[in-house]
Amino acid sequence: MSARIDPPLAMLAELTHRCPLACPYCSNPTELLGKSAELSTETWADVFAQAAALGVLQLHLSGGEPASRSDLTEIAAAAHKAGLYTNLITSGIGLTEKRLYALEEAGLDHIQLSLQGVAAAMADRIGGYKGGYDRKMHVAEIIGKIGIPLTLNAVMHRENLDDLPATLEMAQRLGARRIEIACVQFQGWALTNRSALQPTPEQVNRAKKTVAEAIPRLKGKLVIDFVPPDYFSDFPKACMNGWGSTGVNVAPDGTVLPCHAAATIPHLSFENVRDRSLEMIWYHSEAFNAYRGTDWMPSLCQTCERRDIDFGGCRCQAMAILGEAGAPDPVCRKSPGRAVLDELLETESSQIEPPQFVYRR
Ligand code: SF4
Ligand code: SF4
């Protein structure tokens with residue numbers, strides 16, 4: 001490994017895999033962990049204190065649905081006590097007015113509310129949960145009343161990408177300060193459903209135009225972050241800003257991962273906060289050092305001018321498409337793996353009748 005190791009800046013704490021919804025694009029693993037495997041409130045509090053001491057500034061409380069944990073308020077309070085800026089990533093289901101006030105009092109800084117669709121029928125069908133949309137709208141209203149800063153997280157794919165203009169309008173109506181328009185990343189359940197979720201090239205072009213027009217129009221009112229669909233790009237994203245460089249994920253059972261999908265790389269073994277300190281895991285574990293820096297890179301990336309821009313892309317994507325985690329991300333036009341991706345894309349995006357969703361259960 002060539003580079004100096006800096007401390008992590010952000011932590012994603014996956015408090016649980018439990019969730020009342022069943023989104024077919026869920027990034028959770030297809031083998032979900034049960035409640036009995038989850039870390040206790042006290043252990044999470046200890047993990048947050050360790051994270052802050054290590055240098056973490058931002059904490060994302062995620063899942064599954066974090067509100068499925070009855071101790072969510074205590075967990076948020078522990079994060080606040082540790083001095084972490086704390087963001088709750090939620091579908092809203094399981095949050096009541098009382099709980100939201102308690103979370104605000106506990107020091108929660110920000111909420112990121114996920115959106116399955118802009119109309120009840122579509123949203124409930126995608127989320128696999130009847131009545132979910134109405135409950136989410138009610139939660140959004142209460143968040144606005146309390147005044148907790150809100151980001152809308154709209155996951156876009158073949159079924160809802162054409163609703164992008166309405167999605168932007170909804171973000172403004174709900175008083176969000178920011179919207180993340182995240183085209184589905186094909187990991188976890190989304191990989192299982194890739195064929196059903198893959199947008200068409202026409203949809204992607206329309207979405208790019210909508211975003212390009214909306215950014216200057218909504219300047220000062222709504223910040224728009226657009227994550228375009230990977231497979232339609234020429235070069236990969238800088239996944240996790242470089243493996244083991246700035247972010248650390250902790251799974252519900254305490255397994256510490258360089259990214260949420262890293263467990264799909266079969267030759268890596270991951271350590272657990274129940275057995276070892278976060279600091280030891282971050283600096284010294286085999287999994288974090290496997291793809292850190294540039295020494296691990298294949299020669300194509302080693303000699304490339306984008307080496308320090310995208311860090312060779314996503315290891316999990318190379319694993320998922322090519323079965324080789326150390327290969328350049330197959331999104332890269334320079335890589336031999338791109339031909340595999342193009343073939344997949346050609347087949348999937350040209351389907352007249354995409355397959356039915358396999359719901360996360
Ligand atoms: S993506 Fe859907 S199913 Fe997965 S955790 Fe979020 S709300 Fe639940
Ligand atoms: S060759 Fe490697 S570093 Fe260069 S653009 Fe492709 S993936 Fe990125």
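This is a predicted model: local features need pLDDT of at least 70, side-chain atom pairs count only at pLDDT 80 or more; totals for chains, interfaces and linings use all residues.
**M240 and its loop**

I started at M240, which sits in the loop between β7 and β8 (247-250). Residues are numbered from 1 along each chain as its sequence is written, while chains are lettered from A and ligands numbered from 1 in the order in which they are written.

I looked up phi for M240 and found a positive value of about 55°, although M240 is not a glycine. Most residues other than glycine have a negative phi, and most peptide bonds are trans. Is M240 buried or exposed? M240 counts as buried, because 25 C-beta neighbours lie inside 10 Å. My cut-offs, with C-beta atoms placed from the backbone: buried means 20 or more other C-beta atoms within 10 Å of a residue's own, exposed means 12 or fewer, and partly exposed is in between.

**F311, then α14**

F311 is not a glycine either, and its phi is positive, near 55°. I found F311 in the loop between α13 (307-310) and α14 (315-322). F311 is buried, since 25 other C-beta atoms are within 10 Å.

Next I checked α14, which is mostly covered, with six of its eight residues buried. Those buried are R315, C316, Q317, A318, M319 and I321. The cover over them includes α15 (338-349). After α14 comes G323, with a positive phi near 70°.

**A cis peptide**

I noted a cis peptide bond between G63 and G64, with omega about 10°. G64 belongs to the loop between β2 and α2 (72-81).

**The sheet**

How many strands form the open sheet? I count nine, in the order β7-β6-β5-β4-β3-β2-β1-β8-β9, and the pairing is mixed. Two strands pair here if DSSP finds at least two bridges between them. β7 and β9 (256-257) are the edge strands, each pairing on one side only.

I then followed β6 (residues 178-183). Its covered face holds I179, I181 and C183, and its uncovered face R178, E180 and A182. β5 (residues 150-156) pairs with β6 in the parallel sense over six bridges, and N153 stands opposite E180. With β7 (residues 223-227), β6 is again parallel, over five bridges; there I179 stands opposite I224.

β5, helix α6 (residues 164-173) and β6 make a right-handed β-α-β unit (with the strands pointing away from the viewer, the path from the first strand over the helix to the second runs clockwise).

Elsewhere in the sheet, β2 (residues 58-62) and β3 (residues 85-90) run parallel, joined by four bridges. The bridge partner of L61 in β3 is L88.

**A helix pair**

Last, I looked at α4 (residues 120-127) and α5 (residues 132-146), which pack at about 105° with their axes 8 Å apart (axes are lines fitted to C-alpha atoms over the stretch in contact, and angles run from 0 to 180 degrees between N-to-C directions). That angle makes α4 roughly perpendicular to α5, a label for 65 to 115 degrees; under 35 is roughly parallel, over 145 roughly antiparallel and the rest oblique.

A120, A123, D124 and G127 of α4 meet G132, Y133 and D134 of α5, where contact means C-beta atoms, placed from the backbone, within 7 Å. I sorted these residues into three nonpolar, two polar and two charged (Ala, Val, Leu, Ile, Met, Phe, Trp, Tyr, Cys and Pro count as nonpolar, Asp, Glu, Lys and Arg as charged, and the others, Gly among them, as polar).

Note on methods:
Helices (H or I, at least four residues) and strands (E, at least two) are DSSP runs, numbered from the N terminus. Two residues are in contact if their C-beta atoms, placed from the backbone, lie within 7 Å.
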